[in-house]
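Thanks, everyone; I would like to take a few minutes to walk through one model, starting with its aromatic rings and then turning to its helices. Please have the sequence and the structure open while I talk.

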Amino acid sequence: MPFATLGLPAVLVKAVRAAGFVEPTPLQRKAIPIILKGNDLIGAAQSGTGKTASYLLPTLTRLIDGPRRLRALVLAPTRELCVQIEAAARAFARFTNVRGTAVFQGVPIAGQERMLREEGVELLIATPARLLELQARMVLNFEDVEILVLDEADRMVDMGMATDLRRILKTLPETRQTLLYCAAMPPELNRLGKEALVEPLRVDLAPVTKPAAGISQAIYPVPRALKPDLLNEILSRNEMRSVIVFTITRHAADQLARHLERRGHRVGSLHGSDNQMQRERAVNDLKRGRVQILVATDVASRGVPMDGISHVVNFDVPHRPEDYLHRIGRTGDHGSSDAFTLVSPEEQSALAAIERFLGRSVPRVMLPDFDYRMRSTEIKQAVMSPKVQPKPVLKPAAKPASRPPHKTPARPHARPAAKAARPLTRPTSKSTSRSTTRPISKSTARHVTRPGLAKRSTRKGEARGRGR
């Protein structure tokens, strides 16, 4: 199915072909027609499924015609992802007059403010915090916003941005179209989605539950205090041309980078405290071979394009199995590659969750001639790979064998039963009990939790009808 069959304008189809895309991904085939019709959408899909184009192309379709004012917002959790979305938007809009830009923290706000005041845009990509800062400076006017996109909404909620997102939602027109993309739906995001979306259609793609072909995985059991020394030995004994080492915290990344530099390695770092220029320099240094190792926090596991990576090392075990797949996926498009994970006894539960997610155990490896400071029995236990139990498949319960109805023999000349005495507290009837415990239906919940929603739906339909 080519892009031309999805209802996109010819200028966008031309730009898509110029960008090197031939056929839409499954997510794009499902999501683009839904968005073009004006429906709200929940896109449950992992990175790498073409989700950026799935919302940018129909958004640009609407922006080609209409007033030259801010009409579309894309919110993303990190600066790197904002830059990536902006690059895709420029590529797709190259044959149109649609103007778009990205604003984010880590760079001076004055330049962004001046550009928005003097030039203006129809499409704005932003991190929530910087968008609120610009709004507080009276730079932005949201009254014409028609489309709101929440990209990687689960990550924004995990990073504590739910409050900022709610503040932004209150400032936007009720008639907007909202598109929410996520890899998972935690409870807080579910609540936020009910506030932001109106009768959304959902597009679910099967989550990635196994690494790409060609990735060799290994677990290195080691006491936490010896992780830096073991990593140094692994790097020194193997031919590794380009390595990403993931840590969970910024402090751990800085500390590990200094440790490896003292051991003679060429090291760069990438984490949330860097400004944009430092981030771009670190990524380019790794790609061009100026550094051998890039120590990064999880901010680099999404939104930062990394090419030519030969090895991924999980210095810390990620808390979520999905993050493990995102991390080691950095090597998946470049043939044979390796992914190592250093696991301390305190991280065994997180590792067990990852192996359950994968459906198999990952081989344990002990580095020869390395002093683990462990007894032989402890080493033997550490090397043993546990058996991963597959998820149980729930089978429908067997129906009980039917019995013939029990007939009570008639009692001739029986007196009618006396009416039972009325209890002091009336027991709840079956129907009443159900009504008190039955969950509120989706339509009822909308009217209960969101007063005035019917008005929004009506206005929204009218506005979209006029837009079409």
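This is a predicted model: local features need pLDDT of at least 70, side-chain atom pairs count only at pLDDT 80 or more; totals for chains, interfaces and linings use all residues.

**Aromatic pairs and buried helices**

Let me begin with Y220 and F340, both of which are buried, where buried means under 20% relative accessible area, exposed means over 50% and partly exposed lies in between, with a 1.4 Å probe and protein chains only. Residues are numbered from 1 along each chain as its sequence is written, and side-chain values use heavy atoms, with hydrogens and water left out.

The structure holds four aromatic pairs, a pair being rings of Phe, Tyr and Trp (its six-membered ring) with centres within 6.5 Å, called stacked if the planes are under 30 degrees apart, edge-to-face if over 60 and tilted for the rest. One of them joins Y55 and Y181, a tilted pair at 5.3 Å centre to centre with 55 degrees between the planes. This pair links distant parts of the chain, since Y55 sits in helix α3 (residues 51-63) and Y181 in strand β6 (residues 177-182), 126 residues apart; helices (H or I, at least four residues) and strands (E, at least two) are DSSP runs numbered from the N terminus. Both Y55 and Y181 are buried.

For Y220 and F340, the ring centres are 5.4 Å apart and the planes stand at 70 degrees, so the pair is edge-to-face. Y220 belongs to strand β8 and F340 to strand β13, so this pair ties together parts 120 residues apart in sequence.

Eight of the eight residues of helix α13 (residues 321-328) are buried, so α13 is largely enclosed by the rest of the structure.

Returning to helix α3, T52 lies within it and is buried, with a relative accessible area of 16%. Leaving aside residues up to four places away in sequence, T52 touches I85, A88 and D151, contact meaning heavy atoms within 4.5 Å.
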